[in-house]
Amino acid sequence: NLTPFGKKSLFMAHFTKKIPWVFLAGCFINYLVDGFLVGIGYVASPNTGLILALATGVENGVLGFMVSFSLIPILGIPVTLACMLVGGLSMVLMAFVGAVIAGVTKNIILVYVAFLS
């Protein structure tokens, strides 16, 4: 009976009451990449950055609710809130990093296009 690795990690966390790192790693990577893209998009155009931020906010809001509802029975409310806070703060941090990198490389068109692609 084969199951996806993340699903197995979440399933086993119910028994061990430990943080399912495999499950959370995908969420945190998503937050980091989305934040980075919002920062780059804002440097390209403030309107683009705003649209990306709104769309990403909706996407990650839904993801956050799903993850929270999965983790509360395993970890309890305080630890689940801490995990979600770390994810949200990492997204804000990466938006800043993306904006700084894109701002520095904006005049180097090849590097800037590589970031956008």
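Read along the sequence, this chain follows the pattern α-α-α-α-α. That comes to 5 helices and 0 strands. Keep in mind as you look around that this is a predicted model.

Let's start with the chain as a whole. It has 117 residues, and buried ones make up 32% of them. The accessible surface is about 7500 Å², with 79% of it belonging to carbon and sulfur atoms. Now take the contacts between residues at least 6 apart in sequence: 69% of these join residues at least 24 apart.

Next, the inside. The largest nonpolar core has 12 residues: L24, C27, F28, Y31, L63, V67, L71, I74, L75, C83, M84 and M91.

Leaving aside residues up to four places away in sequence, M91 touches Y31, D34, G35, T56 and N60.

Finally, how do two helices pack together? Such a pair is described by the angle between the axes and the distance between them. For α2 and α4, the axes come within 6 Å and cross at roughly 35°. The crossing of α2 past α4 is right-handed. Residues in the contact of α2 with α4 divide into 17 nonpolar, 7 polar and 1 charged.

Methods. Residues numbered from 1 in each chain as written. Predicted model: local features only at pLDDT ≥ 70, side-chain atom pairs only at ≥ 80, totals over all residues. Heavy atoms only, no water. Core = buried A, V, L, I, M, F, W, Y, C linked by side-chain atoms within 4.5 Å. Buried < 20%, exposed > 50% of the residue type's maximum accessible area, 1.4 Å probe, protein only. Contact = heavy atoms within 4.5 Å. Axes fitted to C-alpha atoms, helices over the stretch in contact; angles between N-to-C directions. Helix = DSSP H or I, 4+ residues; strand = E, 2+ residues; numbered from the N terminus. Left-handed = near helix turned anticlockwise from the far one by under 90°. Nonpolar A, V, L, I, M, F, W, Y, C, P; charged D, E, K, R; others polar. Areas by Shrake-Rupley, 256 points an atom, 1.4 Å probe, with all protein chains shown as cover.
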